[in-house]
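Work through the two exercises below with the structure open. Try each task before reading its solution.

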Amino acid sequence: MLPRSLDARALAALAANPGCRRRALLDGAGVDKAALARALGSPAAYGQSQFALVRGNSFEARVKADGGAELLRLVCERLAPDGPAPEADAVARPDLSAAGPEGRAARTALALREATAAGGWALLDHPMLALEVAGSPAYVEPDAVVVHPDGGWTVVEIKSFPMIDGAADAAKVGAAARQAAVYVLALEAVAGHVAARTGRPARVRDRVLLVCPKDFSNLPAGAAVDVRKQLATTRRQLGRLTRVEEIAAALPPGTTFDLRTTDDGTPTRPPEELAAAVEAVGAAYAPECLAACELAFHCRKRSRQEGSVAALGRGVRGELGGLRTIEEVLAAASGPDGSDAPDDLDDPAVAALRRAAALRAEALAGAAVPAPRDGEPGCR
Ligand code: SF4
């Protein structure tokens, strides 16, 4: 099976959980996590449906029709002060085709350099950008990048969720902004080289253009999205990822995630053997994984089996301080009479649990219905 390349969506999700060595290793090694999850017997609910993909592609084609005239109009309208949109023949549309991701990334870098040196408008359709992640190269592909005459570069992200009355679903806009931040980060590395080679300012703009269908139509609407916060977070989180070689070096010898598929793609490797390989790499499960990682159901099951408080969410885990399992939490709440109960009331988490347990006991005692006395009506 060919290794899968990382896309910006996967990188944004990886950056959101930098403590997960399992994901860092599997993504870095290009393992198809959806296929792995299926082979483990915990298929993912995560991912775009075929219908959403088709709808997204058709909307993107519409936005980019007529040489991207509408897209450039939206860039100029939303990302002032560029003035009116340029005439169609004043916009360069370089051919970015080349063999393999490395070739396409090199072709994109050259096109960006030429467009910046020329000092005019250019529209790069699906450029390929390289980014080093945990010591391995990853290739990401924004929907488009617009080069402005002043040497500014704008990332364009085209999504198929609607923008109603000028506003879109905040969670979806947030996810698009995190994805766009990955593109901005990858472009920044190229901009440094281009500025040095051309002597012209090459600057990646930290406001990206989000294009969505307007209201319930198929007409494009644009909005400028400031991704400075997402950019800073992504940069910091990706920098915190442990190098893939380091994680791999700590694995037991012979560990492999090969599904051993037949010609028709059916995995033949026993799920227990695969599960053991997956468990050999530490994970950092949190409920957020359910919306971001194909292995979420598998990791959640394991987390629950271990009684880990991580399955309750990062907020609860943070509140519980050093208590790592549900068993420890219950023991702390039950007090010194419990068998292994930690008796450390200086620990705010233990004190809060003890108080909560006392309040619960009080409430339950108060709620107890007294038994009816002789002669009083009672329940039958
Ligand atoms: S689902 Fe598992 S592998 Fe994926 S990020 Fe969460 S803990 Fe890591």
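**Exercise 1: Around the ligand**

Task: In this predicted model, find which residues surround the ligand.

Solution. 
- Step 1. List the shell. Asn17, Cys20, Arg22, Arg23, Ala283, Ala284, Tyr285, Cys289, Cys293, Leu295, Ala296 and Cys299 surround the ligand.
- Step 2. Sort the shell by class. Nine residues are nonpolar, one is polar and two are charged.
- Step 3. Look for helices. At least two shell residues come from each of α2 (21-28) and α11 (296-305).
- Step 4. The largest cavity holds it.

**Exercise 2: Two helices**

Task: Describe how helix α4 and helix α5 cross.

Solution. 
- Step 1. Take the axes of α4 (residues 50-63) and α5 (residues 65-78). They come within 7 Å and cross at roughly 85 degrees.
- Step 2. Name the arrangement. Angles of 65 to 115 degrees count as roughly perpendicular, so α4 is roughly perpendicular to α5.
- Step 3. Find the contact. α4 gives Ala61, Arg62 and Val63, while α5 gives Ala65, Gly68, Glu70 and Leu71.
- Step 4. Sort the contact by class. Four residues are nonpolar, one is polar and two are charged.

Definitions and conventions:
Residues numbered from 1 in each chain as written. Predicted model: local features only at pLDDT ≥ 70, side-chain atom pairs only at ≥ 80, totals over all residues. Heavy atoms only, no water. Axes fitted to C-alpha atoms, helices over the stretch in contact; angles between N-to-C directions. Helix = DSSP H or I, 4+ residues; strand = E, 2+ residues; numbered from the N terminus. Parallel < 35°, antiparallel > 145°, perpendicular 65-115°, else oblique. Contact = heavy atoms within 4.5 Å. Nonpolar A, V, L, I, M, F, W, Y, C, P; charged D, E, K, R; others polar. Near = heavy atom within 4 Å. 1 Å grid on protein atoms, 1.4 Å probe; cavity = no way out; pocket = protein on both sides within 12 Å on 5 of 7 lines; lining within 4 Å. Sits in = over half its atoms within 2 Å of the grid points.
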